[in-house]
Amino acid sequence: MSLVLTEDQESIRKMAREFVQRRMPTTHLRALRDGADALGYSPACWSELAGLGVAGMTFPEAVGGVGLGFAELGIVLEECGRTLAPTPIVSTVVLAGGAISLGGTDAQRARWLPGVCAGERVLALAHDEGTRHARHRVATRAEPVAGGFRITGEKSFVLDGHGADALVVAARVAGASADRAGIGLFIVPAGSPGLTVARTPLVDSRNAARVRLDGVVVPDDQVLGAPDGGAAVLDRVLDRGAIAVSAEMLGGALEAFERTVAYLKTRRQFGVLIGSFQALKHRAAQMFCEVELSRSIVLAALRALDDDGPDAALLAAAAKARTTDTFLRVAGEAIQMHGGIGVTDELDIGLFYKRARVAAMTLGDAAYQRDRYARLQGY
Amino acid sequence: MELLSGDDLEGFRAATRAWLEANCPAAMRTPARSADDDVWGGRAAVFPSDDARVWLERMGARGFTAPTWPREYGGAGLTAEQARVLDEELRSLGCRAALKSFGVWMLGPVLLQYGTEAQKLAFLPPTARGELRWCQGYSEPAAGSDLASLQTRAVLDGDAYVVDGQKVWTSHADKADWMFCLVRTDPAAPKHEGISFLLIDMRSPGVSTRPIRLISGASPFCEAFFDGVRVPAAQLVGRVNGGWAVAKALLEHERALISRMRDAAFGEDESLESIAKRYLGTVDGALADPVLRDRIAQASMDSLCNSLTLRRSAEGARSGRPPGAETSMFKLYGTELNKRRLELIVEIEGFRGVGVEGSEFSADELASTRAWLRSRANSIEGGSSEIQLNIIARRVLGLPE
């Protein structure tokens with residue numbers, strides 16, 4: 001598929017940009033942060049975005065979706081990244097919703113996905129344990145009991161876990177931690193006995209949570225697919241999630257870069273515009289290259305998802321590693337080139353820097369992704 | 001001919017493939033072993049084999065050595081889409097390049113844009129057929145990155161220019177038939193406004209050349225000296241003192257070329273991980289050295305990103321966005337990638353990567369050592385990486401002077 005956007009895709013960009021710039025500029029994130037909002041995103045804005053077809057974009061019409069693809073959703077995420085707009089797209093649509101769509105029964109899909117598409121239900125994937133992402137490191141146990149499973153364990157860095165209507169929990173039915181085999185996926189509605197969810201405020205002011213499962217009983221009809229065969233679904237949604245986060249990071253990097261170039265053209269020192277200094281020019285030109293290269297890998301990865309290409313996993317690792325390095329570099333340079341004002345809370349640049357670091361850690365940082373990339377290539 | 005009349009791209013593909021299968025000698029469908037297999041053409045053309053000669057004759061007669069040039073100038077008159085199909089079919093059959101030519105890659109496109117009808121008819125068809133070999137007279141001892149400060153003088157005397165001066169880093173000047181050359185025709189004008197673009201026959205009295213030896217050993221680079229060389233005024237391309245515009249247009253073609261060559265090299269060469277497996281070994285399926293492994297993965301990803309960006313640019317061009325200053329990005333990034341790749345190979349090979357000669361080292365090891373040293377010039381020739389960054393800063397980002 002072509003790496004150049006179609007006219008329809010350009011229209012989606014226009015729609016998304018118009019909405020995000022009007023309803024969710026960076027002042028929106030600041031208001032949520034300064035008001036210590038419990039969710040870290042605005043349900044009203046999410047409902048409006050859902051009304052524009054964003055929540056159902058990647059789901060089939062049969063469950064209330066729009067039947068478009070990840071190429072289109074990626075455009076929306078990039079625009080959200082430009083204003084750091086917090087939405088439950090990654091948690092609800094890509095990760096948990098994707099898991100139910102890929103691994104669920106018709107009844108499970110019918111129960112959860114129409115609400116997702118309508119923007120009425122928020123879901124979260126409870127997967128990570130410990131401090132750093134590791135794809136198959138699952139110590140949380142799921143023991144068979146009459147009519148279902150009893151889950152015990154602890155999850156961290158659960159995106160939008162606080163306030164979610166249900167969690168998709170990865171728990172081990174068999175095998176040792178880090179084994180790919182033996183992982184199951186279980187739908188756990190909010191309020192289930194033994195479930196506690198606590199928000200863990202992070203520097204990007206979004207919603208992440210610690211989840212404790214203390215003997216939570218999940219009936220058989222809330223198991224996604226075979227109880228010990230969840231890794232196939234998990235792998236696919238984690239690839240999708242890595243690519244979705246990459247698309248958002250691309251938007252963030254682009255915005256931080258453009259704001260910095262604009263500053264180089266207005267800020268004067270020593271009687272001249274600082275953009276005339278070669279020490280800054282060359283670094284700006286290098287950042288331009290990094291952003292362009294990142295755009296290419298993000299576009300290719302999104303298209304691989306839509307084509308169900310065999311290289312989607314490899315492109316996911318490459319996209320996440322590359323956009324992570326780019327966003328961290330651009331956001332860091334953005335602060336440096338803005339000078340003193342760059343480290344003030346008043347300027348938005350610091351918000352991009354903080355988001356870059358949290359997004360970098362989300363679903364595996366650059367070093368993790370390079371390791372995965374090498375392993376996928378057989379070295 | 002039927003082959004060129006079909007506007008159906010898949011029809012063109014089938015016809016092209018059939019023609020290539022019928023006309024490309026079997027020996028020309030094997031990978032080139034070394035630079036000795038390259039065919040550069042020219043008056044004193046050297047062919048590594050009869051098959052190479054036949055292959056060039058057939059491709060030249062077909063116009064496929066310069067596929068997008070109009071047919072009256074020796075090309076095949078193909079659209080960009082058709083040329084891409086031709087390229088894909090050549091690759092898929094594993095055909096060697098029939099001709100390597102600075103005339104086709106660099107001079108041709110600007111002659112089509114700036115040349116007179118007489119110049120086009122005189123120079124393009126024999127260039128496309130590989131009968132004229134060209135070299136590029138740009139850099140001078142005191143004009144490297146600051147190319148526009150060049151000093152080689154051309155003074156009009158009757159119907160000819162008299163050229164005096166020196167060029168340097170002129171690839172294959174000792175083997176070329178003609179040079180496209182930048183000369184100063186108005187020493188009083190601002191430096192960019194006193195330059196003209198001149199075509200010089202290297203057999204002219206007063207022209208001499210001397211090869212340059214590099215840190216990697218022998219090289220295609222030469223110095224070229226001009227001592228009272230008379231050049232007919234009709235061989236000036238574009239306006240008198242308007243040569244800088246021609247020079248810049250040509251440099252964009254050169255940068256695109258260099259970045260494409262690097263990209264192709266990545267596709268054809270043995271992968272870094274494959275080399276690393278042989279030298280480093282593996283533990284549980286992973287390369288035994290975790291630090292080199294991480295850097296190899298990074299280089300591989302960066303190479304992938306570069307290829308995808310080239311593809312995106314080409315697709316954008318086909319949908320109406322011509323490539324401009326972004327060729328600077330490809331030149332910059334392609335050459336830096338190549339340097340990184342070759343440095344990694346030397347590191348992976350350890351002391352075997354720094355051998356100069358002798359039976360201790362394999363031919364591949366000695367070749368990679370030379371390629372590594374040669375690659376240091378990649379980010380200098382054709383406009384250094386710093387010049388490319390300047391161009392991106394000014395022309396893409398609009399940063400002030």
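In these views, a residue is called buried under 20% relative accessible area and exposed over 50%. The model shown is predicted.

**View 1. Helix α1 of chain A has a buried side and an exposed side.** The face of α1(A) turned away from its buried side carries A:E7, A:K14 and A:R22, which are exposed. The buried residues of this helix are A:Q9, A:I12, A:R13, A:A16, A:F19 and A:V20. Seen down the helix axis, these buried residues fall within an arc of 140°, so they line one face of α1(A).

**View 2. A:M337 sits buried in helix α9 of chain A.** Helix α9 covers residues 312-338. The relative accessible area of A:M337 is 5%, so this residue counts as buried. Which residues does A:M337 touch, not counting those up to four places away in sequence? They are A:T260, A:Y263, A:L264, A:I274, A:L280, A:R283, A:A284 and A:M287. A:T26 is 311 residues from A:M337 along the chain. The C-alpha atoms of these two residues are separated by 20 Å.

**View 3. Chain A is divided into three parts: domain 1 (7-121), domain 2 (124-228) and domain 3 (232-376).** The C-alpha centres of domain 2 and domain 3 of chain A lie 30 Å apart. Their contact takes 16 residues from domain 2 of chain A and 18 residues from domain 3 of chain A.

**View 4. Helix α6 of chain B packs its buried residues against helices and strands.** The helix covers residues 117-128 and has 12 residues. From first C-alpha to last, α6(B) reaches 16 Å, close to the 16 Å expected at 1.5 Å a residue. Its buried residues are B:Q119, B:K120, B:F123, B:L124, B:P125, B:P126, B:T127 and B:A128. What do they pack against? The helices are α3 (50-62) and α5 (102-114) of chain B. The strands are β1 (134-137), β4 (178-184), β5 (195-201) and β8 (236-237) of chain B. After α6(B) comes B:G130, with a positive phi near 80°.

**View 5. Domains 1 and 2 of chain B are in contact.** Chain B is divided into domain 1 (9-128), domain 2 (134-241) and domain 3 (245-396). The C-alpha centres of domain 1 and domain 2 of chain B lie 27 Å apart. In the contact, 15 residues of domain 1 of chain B meet 17 residues of domain 2 of chain B.

**View 6. Chain B as a whole holds 12 helices and 10 strands.** Its radius of gyration is 22 Å, close to the 21 Å that the globule rule gives for 401 residues, so chain B is as compact as a globular protein of that length. Along its principal axes, the C-alpha trace of chain B spans about 75 × 50 × 50 Å. Of the 401 residues of chain B, 53% count as buried. Chain B exposes about 17900 Å², and carbon and sulfur atoms supply 53% of that area.

Methods. Residues numbered from 1 in each chain as written. Chains lettered and ligands numbered in written order. Predicted model: local features only at pLDDT ≥ 70, side-chain atom pairs only at ≥ 80, totals over all residues. Heavy atoms only, no water. Buried < 20%, exposed > 50% of the residue type's maximum accessible area, 1.4 Å probe, protein only. Helix = DSSP H or I, 4+ residues; strand = E, 2+ residues; numbered from the N terminus. Arc of directions from axis to C-beta. Rg over C-alpha atoms; globule rule 2.2 N^0.38 Å. Areas by Shrake-Rupley, 256 points an atom, 1.4 Å probe, with all protein chains shown as cover. Domains from an automatic or database assignment. Contact = heavy atoms within 4.5 Å. Expected span 1.5 Å × (residues − 1).
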